[in-house]
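Visitor: I'd like a walk through this model, and I'll keep asking how you know each thing. Shall we look at it together?

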Amino acid sequence: MTTQVKKDDKHYTEMIKKEGICINENLVYEPPRKVMYDVSMHYCPGCGHGVTHRILAEVIEELEIQGDVIGVAPVGCSVLAYNYLNIDMSEAAHGRASAVATGIKRVLPEKYVFSYQGDGDLAAIGTGETIHTCNRGENILIIFINNGIYGMTGGQMAPTTLPGMKSTTSPFGRDVKVMGNPLKITDVVAQLPGTYYVTRQSVHKPGNVRKTKAAIKKSFEYQKLDNGTCFIEIVSNCPSNWKMTPVDSNKWLEENMLPFYPLGDLKAPNGKGE
Amino acid sequence: MKELKLMKGNEALAEAAIRVGCDAYFGYPITPQSEILEYLSREATNRTGMVVLQAESEIASINMVYGAAGTGKKAMTSSSSPGISLMQEGISYIACAELPCLLVNVNRGGPGLGTIQPGQGDYFQAVKGGGHGDYHLIVLAPNTVQEMADFVKLSFDLAFKYRNPVMILADGALGQMMEKVELFPQEERTFSDLGWTTIGRRKGKDGKVITSLYLQSEQMEQINIGLQKKYDTIRKNEVRYEAINCDDAEYVITAFGLISRICQKTADLAREKGIKVGILRPITLFPFPYEVLRKLADKVKGFLDVEMNAGQMVEDVMLGVEGKVPVEFYGRMGGIIPTPEEILEVLEKKLVGGTK
């Protein structure tokens with residue numbers, strides 16, 4: 001058994017020496033290496049993308065669908081998701097991931113198709129595509145990362161930025177009279193007859209990670225049933241642009257984001273769930 | 001036995017898409033090409049299982065094409081000028097990701113919402129790029145309903161040969177008018193693993209990626225160099241044109257699409273008057289037949305370029321002629337189709353009179 005560290009990766013080898021943390025004896029469990037490439041991610045420390053990628057990969061590995069799944073990456077921080085997930089993936093134009101996923105699923109209906117999108121991508125520039133994809137009931141999974149900010153472009157206001165929340169384009173806090181209200185798009189798509197399973201989860205605590213993973217797994221299983229769109233919002237953080245430590249950002253998420261975006265199923269196949 | 005039908009240009013194109021075994025059409029209604037979506041909605045799925053989906057916008061349509069084309073399936077969309085403008089971002093992505101697909105523009109008069117009458121004002125957009133970045137579509141310009149059908153097949157052949165989007169640039173009149181068309185027989189819808197496509201990870205191989213994102217400048221430059229090499233090959237191999245009576249011509253009219261047929265009548269009228277006029281019709285607008293023009297310019301007295309716009313292809317004609325002889329232009333806009341007599345008058349006044 002080797003450590004999951006590239007020998008030529010100086011940063012890590014030095015860290016192993018200094019910190020003594022990445023050694024074989026300490027290995028508790030491993031990343032799903034069949035589906036995840038052995039590379040370091042570009043995501044900031046503490047960002048929810050890394051965890052979400054991992055559980056997504058775990059599900060794909062557990063369901064043994066690596067050869068039957070096609071993912072669509074958005075424009076945003078997760079634009080390079082295909083550098084981490086060893087599956088066939090298509091990069092989409094900003095906001096159009098669900099349209100691209102539609103195109104793939106329509107010609108390959110027997111495959112599992114998902115899009116992975118951020119809040120700016122899915123709920124601002126891509127609102128039309130999101131609503132119509134869900135309304136048509138495209139038989140795909142949409143994973144929606146909501147951290148209330150534009151991460152990649154450097155912390156501008158997102159459609160989901162909370163009232164009063166500061167960003168580089170709402171430097172005095174989001175004034176809803178001027179800038180409009182945050183859009184709870186998950187509540188919107190839950191109303192559409194085309195959606196089959198709509199849930200809001202998070203990855204800021206181990207228990208929530210497990211719940212989110214279960215939701216992703218269920219969604220891929222539902223795709224076999226051809227009953228409509230599965231939509232998972234993951235309320236996430238952005239330590240860098242929120243200008244907080246990872247720990248503080250998760251605390252802030254719990255105290256501020258979750259009251260506004262409460263967790264749980266908005267639409268479940270067997271009535272409203274947990 | 002020949003299968004002859006009287007069909008609208010739009011319908012002939014749609015019928016050809018079914019017969020060529022096209023896998024998916026994504027589109028949004030816009031005049032004067034809605035018959036394509038209507039015809040396919042009515043005919044295609046029942047006959048071949050082809051996917052036909054009316055999208056919520058042209059933006060969604062082109063991105064659905066992007067997704068479907070990335071699997072190696074034969075995918076297409078069609079629209080008219082304002083709708084094609086909306087698609088430009090997606091077309092640029094498709095060109096960079098090198099996805100084979102067919103785009104149809106049944107050109108109407110612009111700019112803006114313009115008119116639903118025919119126009120050729122989208123030449124620059126189709127031929128010179130349209131979207132952002134350095135890329136080219138292969139652009140085919142039919143001038144008969146027959147070619148509306150035939151070029152569908154040719155387009156998919158070229159698209160897959162070069163992994164490049166192909167555009168059929170027609171106009172509203174060609175889309176709406178009815179003519180006799182000989183249809184080719186139904187072809188099987190086939191699907192094969194092209195290797196680079198996103199169809200689910202192949203065993204023992206890393207996942208395939210369809211993307212147009214290269215954050216390292218050196219890598220992005222290499223992608224561009226690769227594209228430019230491909231365009232050079234296309235320029236070398238795929239120039240198509242029709243030259244009518246150019247051998248003994250003193251003057252040559254250049255025109256593409258439907259207007260080239262009106263110019264043929266002009267040429268006939270001119271020859272009745274003793275003026276030897278030939279027609280050069282570029283069939284591929286990219287690649288453009290510069291070389292043919294270069295050679296013609298050595299032996300004719302002048303060119304008249306006729307278009308249903310303010311003068312777009314004329315710039316390419318001038319590039320081909322290299323200033324050796326005069327290149328005059330005559331165009332009508334706003335959806336007006338000039339008459340043969342009108343064009344003859346211009347020819348006589350601007351060229352024959354001027355060079356005497």
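Guide: Start in chain B, where 7 strands make an open sheet of mixed pairing, in the order S3-S2-S4-S5-S7-S6-S13. This is a predicted model, so local features need pLDDT of at least 70 and side-chain atom pairs count only at pLDDT 80 or more, while totals for chains, interfaces and linings use all residues. Residues are numbered from 1 along each chain as its sequence is written, with chains lettered from A and ligands numbered from 1 in the order in which they are written.

Visitor: What makes something a strand here, and what makes two strands pair?

Guide: Helices (H or I, at least four residues) and strands (E, at least two) are DSSP runs, numbered from the N terminus. Two strands pair if DSSP finds at least two bridges between them. In general, strands of a sheet pair through backbone hydrogen bonds, parallel or antiparallel.

Visitor: Why are S3 and S13 of chain B said to stand at the edges?

Guide: Strand S3 (51-54) and strand S13 (284-286) of chain B each have a single partner strand, so one side of each has no neighbour in the sheet. On average, neighbouring strands of this sheet are turned by 20° against each other, direction ignored.

Visitor: How do you know that S5 and S7 of chain B are paired?

Guide: Strand S5 (residues 101-107) and strand S7 (residues 165-171) of chain B are joined by 7 bridges and run parallel, and the cut-off is at least two bridges, so they count as a pair. Leu103(B), for one, stands opposite Met167(B) in S7(B).

Visitor: What packs on that sheet, and at which angle to S4(B)?

Guide: Helix H3 (residues 58-69) of chain B does, touching strand S2 (24-27), S3, strand S4 (75-79) and S5 of chain B, and its direction makes about 165° with that of S4(B). Angles run from 0 to 180 degrees between N-to-C directions, and axes are lines fitted to C-alpha atoms, for helices over the stretch in contact. Helix H4 (residues 81-97) of chain B lies across S4, S5 and S7 of chain B, at about 155° to S5(B).

Visitor: Why is chain B called as compact as a globular protein of its length?

Guide: Chain B comes to 12 helices and 15 strands. Its radius of gyration is 21 Å, close to the 21 Å that the globule rule gives for 356 residues, so chain B is as compact as a globular protein of that length. The radius is taken over C-alpha atoms, and the rule is 2.2 Å times the number of residues to the power 0.38. The C-alpha trace of chain B spans about 75 × 50 × 40 Å along its principal axes.

Visitor: And what about chain A: how does its radius of gyration stand against the globule rule?

Guide: Chain A has 10 helices and 9 strands. Its radius of gyration is 18 Å, close to the 19 Å from the rule for 274 residues, so chain A too is as compact as a globular protein of that length.

Visitor: How many residues of chain B touch chain A?

Guide: 34 residues of chain B are in contact with 30 residues of chain A, where contact means that C-beta atoms, placed from the backbone, lie within 7 Å. H3(B) gives the largest share of the chain B side, 8 residues. By class, that side has 15 nonpolar, 11 polar and 8 charged residues. Ala, Val, Leu, Ile, Met, Phe, Trp, Tyr, Cys and Pro count as nonpolar, Asp, Glu, Lys and Arg as charged, and the others, Gly among them, as polar.

Visitor: What makes S9(B) part of a sheet with chain A strands?

Guide: 2 bridges join strand S2 (residues 88-91) of chain A to S9(B), running parallel, and at least two are needed, so the two strands pair. Met89(A) stands opposite Val209(B) there. The open sheet has 8 strands of mixed pairing, in the order S9(A)-S7(A)-S8(A)-S4(A)-S3(A)-S1(A)-S2(A)-S9(B). Strand S9 (264-267) of chain A and S9 of chain B stand at its edges, each with a single partner strand, so one side of each lacks a neighbour.

Visitor: Which domains is chain B divided into?

Guide: Domain 1 (4-200 + 225-237) and domain 2 (241-355), with bounds from an automatic or database domain assignment. Their centres, taken over C-alpha atoms, are 27 Å apart, and 25 residues of domain 1 of chain B are in contact with 21 residues of domain 2 of chain B.

Terms used
Contact = placed C-beta atoms within 7 Å.
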